[in-house]
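This report describes how one protein chain is arranged. Please keep the sequence and the structure in view while reading.

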Amino acid sequence: MSQSNASQEVELKLQPRDEELLDHLWGLDHLGLFVVVERRNYQQRNVYYDSSDHALARAGGSLRWRTFAGSTNAELTYKGASVVHRGVFRRLEVTAILPADCDPLTVTPVRSEEHTSELQSRGLI
């Protein structure tokens with residue numbers, strides 16, 4: 001069973017000056033007009049797949065299998081090549097929610113709201 005969705009991922013990647021800056025940011029209740037609505041920590045494991053000739057990487061894409069500690073579900077995510085403008089990255093992202101104990105490269109996807117609801121209730125998606 002799976003649930004999939006496609007979206008346009010938009011990220012701004014910044015390099016902190018030092019580790020203390022990250023600790024400072026973590027403790028803030030707001031940053032400019034942005035307000036912190038939740039803080040959370042969770043463990044995840046990521047495995048990346050590609051062909052032996054690295055065709056996905058050469059095309060700027062990736063295929064990731066992500067599992068979460070304590071969850072029976074996982075995510076298989078394809079990310080397309082990025083377009084970067086002034087430090088902002090944009091790219092296609094397609095994610096399928098699958099049982100964590102399946103082989104992500106051989107499963108046949110089937111739409112399921114149950115898996116999406118579980119990951120949303122845990123704040124993972």
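In this predicted model, Asp29 has a relative accessible area of 54% and is therefore exposed, since exposed residues are those over 50%. Asp29 takes part in a salt bridge with Arg39, and the closest N and O atoms of the two are 3.8 Å apart. The bridge links distant parts of the chain: Asp29 belongs to the loop between H1 and strand E2 (30-31), Arg39 to the loop between strand E3 (34-35) and strand E4 (44-49), and the two are 10 residues apart. Arg39 has a relative accessible area of 36% and counts as partly exposed.

**Salt bridges**

How many salt bridges does the count come to? The count comes to three, and they are set out in the table.

| Asp29 | Arg39 | 3.8 Å |

**The overall fold**

The protein chain contains three helices and eight strands. Followed along the sequence, these elements give the pattern β-α-β-β-β-α-β-β-β-β-α. The chain has 125 residues, of which 27% count as buried. Its accessible surface is about 9100 Å², and carbon and sulfur atoms account for 54% of that surface. Among the contacts in the chain with a separation of 6 or more, 49% are between residues 24 or more positions apart.

**Thr77 and its surroundings**

Strand E6, which spans residues 73-79, includes Thr77. Thr77 has a relative accessibility of 1% and therefore counts as buried, the limit for that class being under 20%. Which residues does Thr77 touch, leaving aside residues up to four places away in sequence? They are Ser62, Leu63, Arg64, Glu93, Val94 and Thr95. With Thr95, the side chain of Thr77 also makes a polar contact, from side chain to side chain, at 3.0 Å.

**Nonpolar residues inside and outside**

In soluble globular proteins, nonpolar side chains tend to be buried together. Which residues make up the largest nonpolar core of this chain? Seven residues do: Leu63, Trp65, Ala74, Leu76, Ala96, Leu98 and Cys102. At least two residues of this core come from each of strand E5 (62-68), E6 and strand E8 (88-99).

Leu22 counts as partly exposed because its relative accessibility is 45%.

**Residues in loops**

The loop between E5 and E6 contains Thr72. With a relative accessible area of 55%, Thr72 is exposed. Thr72 and Leu98 are 26 residues apart along the chain, while their C-alpha atoms are separated by 8.7 Å.

Most residues other than glycine have a negative phi. His54 is not a glycine, yet its phi is positive, at about 60°. His54 is found in the loop between E4 and helix H2 (55-58), and it is partly exposed, with a relative accessible area of 49%. Arg86, likewise a residue other than glycine, has a positive phi near 55°. Arg86 is placed in the loop between strand E7 (83-85) and E8. How accessible is Arg86, and to which class does that assign it? Its relative accessibility is 77%, so Arg86 counts as exposed.

Definitions and conventions
Residues numbered from 1 in each chain as written. Predicted model: local features only at pLDDT ≥ 70, side-chain atom pairs only at ≥ 80, totals over all residues. Heavy atoms only, no water. Helix = DSSP H or I, 4+ residues; strand = E, 2+ residues; numbered from the N terminus. Buried < 20%, exposed > 50% of the residue type's maximum accessible area, 1.4 Å probe, protein only. Polar contact = N/O pair within 3.5 Å; in protein donor to acceptor, adjacent residues only side chain to side chain. Contact = heavy atoms within 4.5 Å. Core = buried A, V, L, I, M, F, W, Y, C linked by side-chain atoms within 4.5 Å. Areas by Shrake-Rupley, 256 points an atom, 1.4 Å probe, with all protein chains shown as cover. Salt bridge = Lys/Arg side-chain N within 4 Å of Asp/Glu carboxyl O.
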